[in-house]
Amino acid sequence: MTVKDEKIKNSELAEGSQEKMGFPEDEPRIGVYVCHCGHNIAGTVDVAEVAESASNLPNVVEAKHYMFMCSKPGVQLLKDDIKEKGVNRTVVASCSKNQHGRTFARTIEEMGLNKHLHQQVNVREFCSWVHKKDKDKATEKAKKLVEAGVNRARKLEEVETKKIRTTKAALVIGAGIAGLRATYDIAELGIPVYLIERNSTIGGHMTRLNKTFPTNECPQCSISPLTNGVANHPLVELYTNAQIKSVEGSMGNYEIEVEIKPRYVKDNCTSCGECEANCPVEVPSEWDKGMSTRGAIYKAYPQAIPATYVRSKKDCIECNTCINICPVQAVDFSQEPETKTFKVGSIVVAAGYEEYDPTEIDAYHYGQEGYDDIITQLQLERMLGPTSMTGSEVMRPSDGKIPKKVVMIQCVGSRNEQVGNKYCTGVCCKFATKNAGLVKDMYPDADVTICYIDMRTPGLNFEEYYKAAQEKGVRYIRGRPSEILKDPISGDLSVIVEDTLSQTPLKLKADLVVLSAAMVPPEGIGPLGSKLKILRSKEGFFKEFHIKMNPTASSKGGIYLAGTIQGPKDISETVAHAGNAAALAAQPLVKGYIEKEMLIPYIDYDLCMDCGMCITACNPAAISMNEDGRPDVNEVACKSCGICMPACPTGAIQLLNFRDDQLLDEIVPIAGGGVVCNE
Amino acid sequence: MSSCDINECEGKYDNIVVFMCNECGQGSANTAGVGRMPYDPSVRIVRVQCTGQIGPIQIMDALNNGADAVSCVGCCIGACHFFNGNLLSMRRIKLMKKMFKELGYSDQFINQYTSRAAEGETAVGDFEDIVERLCTAITEGGTFENEC
């Protein structure tokens, strides 16, 4: 007989066996089994005495001790008693719940009982193994633990396992490298994906970079297979210029409203560029971080996807030149914003990061009048880029001369408590080293200096990369610059820094100062977070479910985080992170359902006074007010933590199997039994 | 923490209730067990979902039923498996400590700790600290001992 056959036979036997034997169904009949675990438990605890004392407890119909409860004959003991003695709750005093709790739960499930009617008492890890020297006290303790377990078992309730059908589609917010990776990975599993991007082009920050460390590879070349793959994927629907309006529902079934702003250019645009060439408006390009200009009708960069031009309504003077000049009549000013509703099962948030704006650090004078030669690393990347206005040359923004002395300042906006960012961005040391090396390669006689606090280059190839930059002649000075000064007569910049290794104050002459600005949460993360109802860390990024074991899940089931929205990361980390988020997001969609144990809180509406404290306490936002103004538990979103219980001033909300009275029953013997103060 | 000879108050306590969360709390106590790290047999563990689930009701129930000290052991700060249950519990215990002090009892017999599932030492260290603080409470007076 195979194991499966045996299971079927057992469950057939179990069916209606309780009634046949004539045992009342509602009365708890508890079976207690104390395991010897060889000498592991029996060597310290007097198991016979424990079983004996347990047999005297109310509702206990059977109390036994056996050598190995987890062995086949041990498990058979449970089965026989359920069949013959009408045991309907089992207490096994042996090892931890994680180790064999499941074995016994499965056994009673095979016999037709609910698996939550099993109570595991840990007398090995919590008792015999740690109290080897004091056998009497260990036995005493084991007795009390078993009594607590029996008390707990008495009131255990059945917990249903529900299958929740999921909507087979996913939504990805943000089309940077993380969003693209996640979209592609999900779509390749055969799941339709809606990809939402706030800007007019996809690719995010990675397309803005000139080179990527540590191989000095062209990022456009690495990302374009992905951008093209996603844009042309039959299962991906891409929406640019789009923003989330509202999010309803819970894990497995979300309904999202998205507002899509018009491009004012129809899809038949051939990307010829006639419109921009003739546009009279000239404004700094946001995509180029102000290092070039664009027209009111523009394409962010030549390889942009979608290739369709876009009109910026706020910059346009409505001269209609572009409408008249377009050879295919693609420009259409009459387009209106539209709202679309998507039904999806999982959401991946890949909203990325923003470069820290150093204007608030007054000593560095970034963005101030007359300090044009102070730029950020991203601006330097744009200057070095192959399509830049300067023709990939480094030029001083003030006079267009090639700088002879470049000073880079690290930790601008990160590791700085004055601006409120304690964290280390972790990639600035690497990209500063990269850019310094590139500048040195282009102008071997230029002085390139990096002022750092600590050089952080962990991981494979990065220390070598740092060494290679030093060998090229990049100068590293350990010290945080206190100020950037400008000579009032000559207009020359100088950086004031103390070399803390040689303890000498320095005044470094600089033609160009480059600030290595931190990664900060993107603009609009607050409203997005409140629409998705997910929590943020104190640094402002979205908080992961568990920092080690679940870095891609968010606080709410069914919403996953990909890339730098969870915290600063480099590109390789982002890709790995996004791939994991995609795998997790796709799991319930591929399977088609979510299995959930209904271990959820129940609300006693007679006691409830609608104060809403539980709603505030609930981290996964599983409790909400219904139409009658009363709190309602969303059984799918609930994570069974029970944090709502103490928040309730009247005790109306109670977690199943962890109710106040159930916990009290367990506490009484553990706290020493009997009520001490009756008055 | 005032210095206190633990031997002095041995036998004056025998019921210490420790609420340990299902994640790091239980994990660390299991690891301590596997590592055979001895601790006081008075320490008894109640499994709860999250320390954030433990309210004043449970703590007072335990004290009312003869517990000498009550503690909650949760995950490390920032590593709570339910986001901020450990912080909520910590705040609650802080308020309860204040209340006990105002009522004229010692604030040393209710505590919140954190532990790491991979390190049994953290759980044992917590248990030792519970006992030490309880001893301080006993020697300084202010327990429920003489109340009934």
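**Notes on strands, helices and domains**

1. Let's start with a strand pair: β22(A) and strand β23 (residues 493-499) of chain A run antiparallel and share four bridges. Two strands count as a pair if DSSP finds at least two bridges between them. Helices (H or I, at least four residues) and strands (E, at least two) are DSSP runs, numbered from the N terminus. Within this pair, I484(A) has V495(A) in β23(A) as its bridge partner.

2. A word on the ground rules. This is a predicted model, in which local features need pLDDT of at least 70 and side-chain atom pairs count only at pLDDT 80 or more, while totals for chains, interfaces and linings use all residues. Residues are numbered from 1 along each chain as its sequence is written, and chains are lettered from A and ligands numbered from 1 in the order in which they are written.

3. Back to that pair and its sheet. In chain A, three strands with antiparallel pairing make an open sheet, ordered β22-β23-β24. Its edges are β22 (483-486) and β24 (504-510) of chain A, and each of these pairs on one side only. From one strand to the next, the twist averages 30 degrees; angles run from 0 to 180 degrees between N-to-C directions, and axes are lines fitted to C-alpha atoms, for helices over the stretch in contact.

4. Now look at the other open sheet, which has five parallel strands in the order β18-β25-β19-β20-β21 (chain A). β18 (374-376) and β21 of chain A are the edge strands, each pairing on one side only. Ignoring direction, neighbouring strands here are turned by 25 degrees against each other on average. Helix α13 (residues 428-442) of chain A packs on this sheet and touches β19, β20 and β25 of chain A, with its direction at about 175 degrees to that of β19(A).

5. Inside that sheet, strand β19 (residues 405-412) of chain A runs parallel to strand β25 (residues 512-517) of chain A, joined by five bridges. V412(A) has A517(A) as its bridge partner in β25(A). Strands β20 (residues 447-452) and β21 (residues 475-478) of chain A also pair in the parallel sense, over four bridges, and Y452(A) stands opposite R478(A) of β21(A).

6. How do you get from β20(A) to β21(A)? Together with helix α14 (residues 462-472) of chain A, they make a right-handed β-α-β unit. Right-handed means that, with the strands pointing away from the viewer, the path from the first strand over the helix to the second runs clockwise.

7. Helix α12 (residues 377-384) of chain A packs against α13(A) at about 35 degrees, with the axes 11 Å apart. The crossing is left-handed (the near helix is turned anticlockwise from the far one by less than a right angle; clockwise would be right-handed). Q377(A), L380(A) and L384(A) of α12(A) meet F431(A), A432(A), N435(A) and L438(A) of α13(A), contact meaning that C-beta atoms, placed from the backbone, lie within 7 Å.

8. Finally, the bigger picture. Chain A is split into domain 1 (3-159), domain 2 (161-261 + 337-353 + 522-597), domain 3 (262-336), domain 4 (356-520) and domain 5 (598-656), with bounds from an automatic or database domain assignment. The C-alpha centres of domains 1 and 3 of chain A are 74 Å apart. As for chain B, 42 of its residues are in contact with 44 residues of chain A.

Key
Two residues are in contact if their C-beta atoms, placed from the backbone, lie within 7 Å.
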